[in-house]
Amino acid sequence: ELAELRARLAFAQGVALVARGTSAALRGQPGIGKTTLAAMYAERYGTQYPGGVLWLDVGPDRRTPDLVAPILQRIATYAYDADPQANALLANAEFAADAVKALLSGHGALLVVIDDVWSPAALRALQEALPENACTLLTTRDYDVAYALENNPTAIQILDVLSAPDARLLLQKGAPGLPDALADTIAKGLGYHAQALTLAAGALAWRKAHNYAKTAAELLRRVAAGEGFGGLPRQDKT
């Protein structure tokens with residue numbers, strides 16, 4: 001997927017990542033790896049963009065241009081990071097899209113990751129503030145939003161669930177010593193969904209290797225019954 005994304009961004013101004021699950025229970029759900037792949041790309045190739053990298057978190061609460069406005073203000077203040085006095089003066093300032101665009105221009109090609117976009121209107125409001133040479137990487141669950149990036153379906157890269165071998169590796173990395181056959185059973189029962197497998201691996205590790213079979217059976221029973229993961233422990237309690 002990373003190689004495909006790299007190839008796409010080499011020939012296009014923008015690429016949208018939209019999740020699609022092959023299991024009906026998981027279709028269109030989050031946690032399939034869109035943001036992870038975007039982060040991998042930014043980490044590996046970010047230094048190749050002389051203008052730098054901007055990561056913009058949007059989310060479901062920002063679906064209209066007025067709600068996106070605070071993001072534009074935050075982008076604008078990046079130009080004054082080296083000047084604390086200017087930053088203080090600009091804290092309550094409002095920047096129009098063309099002003100933000102002017103501030104971001106002239107520094108070389110810029111990589112802009114627009115993460116978790118829920119409406120074409122929000123996307124357009126952000127696009128208006130980006131320089132012409134900005135390379136845009138969008139993540140979204142919504143096909144209409146992905147299509148709106150360039151009004152071209154070829155700009156969309158569809159992410160699917162993991163392959164069976166990769167699902168097994170993910171489980172066994174989080175739950176060392178998990179037998180291959182049991183890992184494959186869990187992976188199939190969870191639809192090869194990356195986030196579900198990560199949670200399952202955490203639960204298996206927390207309940208220790210001698211309980212792997214019992215924990216796996218409980219997980220699969222709950223998920224098959226539509227009960228989710230229940231009261232399983234959080235992986236990162238901080």
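Modeller: Before we start, helices here are DSSP runs of H or I with at least four residues, numbered from the N terminus, and please keep in mind that this is a predicted model.
Colleague: OK, which helices each supply at least two residues of the lining of the largest pocket?
Modeller: Helix 2 (34-45), helix 8 (164-174) and helix 10 (194-206) each do that, and helix 2 gives the most, with five residues.
Colleague: And how much space lies in that largest pocket?
Modeller: About 670 Å³, with a lining of 26 residues, among which I32, G33, T36, L162 and A194 lie nearest the centre of the pocket. The lining divides into eleven nonpolar, eight polar and seven charged residues.
Colleague: Changing topic, which residues of helix 6 are buried?
Modeller: In helix 6, which spans residues 120-127, A122, L123, A125 and L126 are buried. Seen down the helix axis, the buried residues fall within an arc of 160°, so they line one face of helix 6.
Colleague: What covers them?
Modeller: The cover includes strand 2 (52-57), helix 3 (65-77), strand 3 (110-115), strand 4 (135-140) and helix 7 (143-148).
Colleague: How many salt bridges does a search of the whole structure find?
Modeller: The search finds five. One of them joins the side chains of R168 and D180, at 3.5 Å from N to O; this pair links distant parts of the chain, with R168 in helix 8 and D180 in helix 9 (residues 180-189), twelve residues apart.
Colleague: Which residues are linked with them in a network?
Modeller: D184 belongs to that network of salt bridges, together with R168 and D180.

Terms used: Residues numbered from 1 in each chain as written. Predicted model: local features only at pLDDT ≥ 70, side-chain atom pairs only at ≥ 80, totals over all residues. Heavy atoms only, no water. Buried < 20%, exposed > 50% of the residue type's maximum accessible area, 1.4 Å probe, protein only. Arc of directions from axis to C-beta. Contact = heavy atoms within 4.5 Å. 1 Å grid on protein atoms, 1.4 Å probe; cavity = no way out; pocket = protein on both sides within 12 Å on 5 of 7 lines; lining within 4 Å. Points joined across faces, edges and corners; volume = space filled by probe spheres on them. Nonpolar A, V, L, I, M, F, W, Y, C, P; charged D, E, K, R; others polar. Salt bridge = Lys/Arg side-chain N within 4 Å of Asp/Glu carboxyl O.
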